[in-house]
Amino acid sequence: MGWAQGAQPQKRSGHINKELAQVEGFLEEKDAKLWLEKFFRENLALLSKILTGVELLEFQSMMIKAMFNVDYFLAICSRGSGKSFICAIFLILYASLNQGIKIGIIANSFRQSRLLMQKIIDLRHDPKAKFLAQMITDKDISLKNDEWVIRIGRSQLICLPTGDGSKLRGYRFKVMVIDELLLLSSKLINEVIRPFLSTNTDVTERKKVREAEDILVSQGKLEDKDRIQWGNNKLIGLSSASYSFEYLKTMYDEYEKAILDDKRSDNAKYSIFHISYDCLPAELYDQALIASAKAQMSEAQFGREFLSQFTDDSSGYFKMSKMIACTYQDGEGQCVEAMGEKNATYIISGDISWSESDGSDDFVFHVIKYFKESDIGVVVHSYALPGTAMKEHIKYFHFLYKAFSPELIIFDFMGGVQFLSAANESELFKSDKIEIKTIDIDVEDPTKYQEDLKSIRNAHNVADNRICIQRKPSGNFIRQANEILQAAFDHKRLMFASMAIDDDFVRQTSMPVPVKELKFLREKMAIEQNSVDFVENLRDNIKMIKIQCGLIEVASTPQGNQTFDLPLNLKRQRGAGKARKDSYSALVLGNWGLQIYRDMMATPKEDEYGTFEPFIC
């Protein structure tokens, strides 16, 4: 563990406890209140215990003190360190001591930022938090679909979805808290968040105080050094470590340089808390969990998650750096789609799981949008759920079919046959008179590829719903399909959609998606899911595809066949939190289907009527 104070300007502070100890006699109520406020600012751990009943550990108290005293705070902490809980305590204390302030809270998803707010709401129900329960009553809490607000006196904590840029820009926050910072794009941070932190919200008050100070200085009643030190706006970021080529590492380096640079002209103060699990109290962690994580995670993954180390790249067959390069930047290019666009071309792929246990494989659907002009496919929609009843998967598949009108559907043969039959026989499909038919042509022999393409082209009939290929997972296909996917990343023929922001966010969250009827979230929500959750979940699922692809390793069997699978230690995992590869498998199928569709549409369709050639017998 190390501590670097850096070369930053130091905040002027006294020793309140010593000064207060020297105060004698009776204090008038006004003076007592002022001294109490000063005392609590210097003794935040005590204030936390009084208001919330939470006794802070030393490192927690240090983090909160740093959040109070600096302008730019970055915490890169181990998984399980409780950084969100620590931030929740900070929000309570800071809002209490700085009345009238507005604090914005965002995260990679509205669900994540609401979890931080939920911690505050839950804290007030603790029997030890009697004062907090009086400060935050039910009437001080507003929980809307696209905005959560908690009022602490005249202060407000406001939680917003990151996609709604117009709403974010409409606020002028004094403090902005970002949970899971690594998942936010540089564009969002630099073009939306930082700009409105660059302006002060209390200009009029500052002007009045400055004018009064000028008069006092001119009268010799105040020295310049005793003028009020106005605090700057704050940006607080919480995260685990990322890959070194991602923006979080760039931001980390900027902070570190600002801390150590003794020639900076600005007076902003920066702080980094970079904490590995083994620097924290041993009682904070279940040591059996740590041992299990070491055994089951890759060395790089454990380094990021628990040691808070920035790592260079994924070590699997598919490089994370290339997949990131194949992802559209937020606000640029194709974003996720809740429902399809008219006259656009879509391909649906699926990896089927029949198990309904929590530790089952994921049941996955991906939707790829094909742009003929640029010959690029973009993953715009993704669904992935474990341990869910088959009727829920069928319901979602029915929604996808109606929402995207796919030109082609690719399922794996193992499970796909039964699922398609069950879907066609379901009440949903029958009531809408939908029967999806298969194209039973096995594209296996490379010497017959063009012949098979012609057969598929002739059999393919969107009007008749003959659009589904059920692919058998032969060793030859697995190798070829993975090579095709790797080449698609290399040449950017397959891209990943960005998150929806600004106008795209408004448009996608306004789509008539039956969110109350569909199951799509992996975690159980304490409140009713909404359209914001639906759109943000698409981005989360697309990120999960890349994570799973980054884990895949290639190996050879004794017979000389190649296998593409999770590392052995990850394959051994069991339970709801196990590593999975089903989103990867569905992507392999989807990209292969995209290649078939490209080649098939470039193949002329033969006339469907037969011909008669006379012959002499």
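## A bridge between two parts of the chain

Let's start with Asp565, which forms a salt bridge with Lys581; their closest N and O atoms are 3.2 Å apart. Asp565 sits in strand β17 (residues 562-565), while Lys581 belongs to the loop between α22 (568-571) and α23 (582-601), so this pair ties together parts that are 16 residues apart in sequence. Lys581 is partly exposed, with 24% relative accessibility. Keep in mind as you look around that this is a predicted model.

## Other salt bridges to look for

How many salt bridges does a search of the whole structure find? The count is 30. One of them joins Arg471 to Glu444, with the closest N and O atoms 3.1 Å apart.

Glu444 comes out as partly exposed, at 25%.

Now head over to Asp540, which makes a salt bridge with Arg539. The closest N and O atoms of that pair are 3.2 Å apart. Asp540 has 19% relative accessibility, and because the cut-off for buried is under 20%, Asp540 counts as buried. Arg539 is buried as well, at 12%.

Salt bridges with shared partners join Arg111, Glu523, Arg539 and Asp540 into one network.

Next stop: strand β5, which covers residues 155-159. Why call this strand largely enclosed by the rest of the structure? Because four of its five residues are buried.

Strand β5 pairs with β2 (residues 102-107) in the parallel sense, over four bridges. For a spot to look at there, find Ile103, which stands opposite Leu157 in β5. Strand β5 also pairs with β4 (residues 147-152), this time in the antiparallel sense and over five bridges. In that pairing, Trp148 has Cys159 of β5 as its bridge partner.

## The turn between β4 and β5

Strands β4 and β5 form a hairpin with two residues between the strands. Which residue takes a positive phi in this hairpin? That's Gly153, with a phi near 65 degrees.

Technical notes
Residues numbered from 1 in each chain as written. Predicted model: local features only at pLDDT ≥ 70, side-chain atom pairs only at ≥ 80, totals over all residues. Heavy atoms only, no water. Salt bridge = Lys/Arg side-chain N within 4 Å of Asp/Glu carboxyl O. Buried < 20%, exposed > 50% of the residue type's maximum accessible area, 1.4 Å probe, protein only. Pairing = 2+ DSSP bridges.
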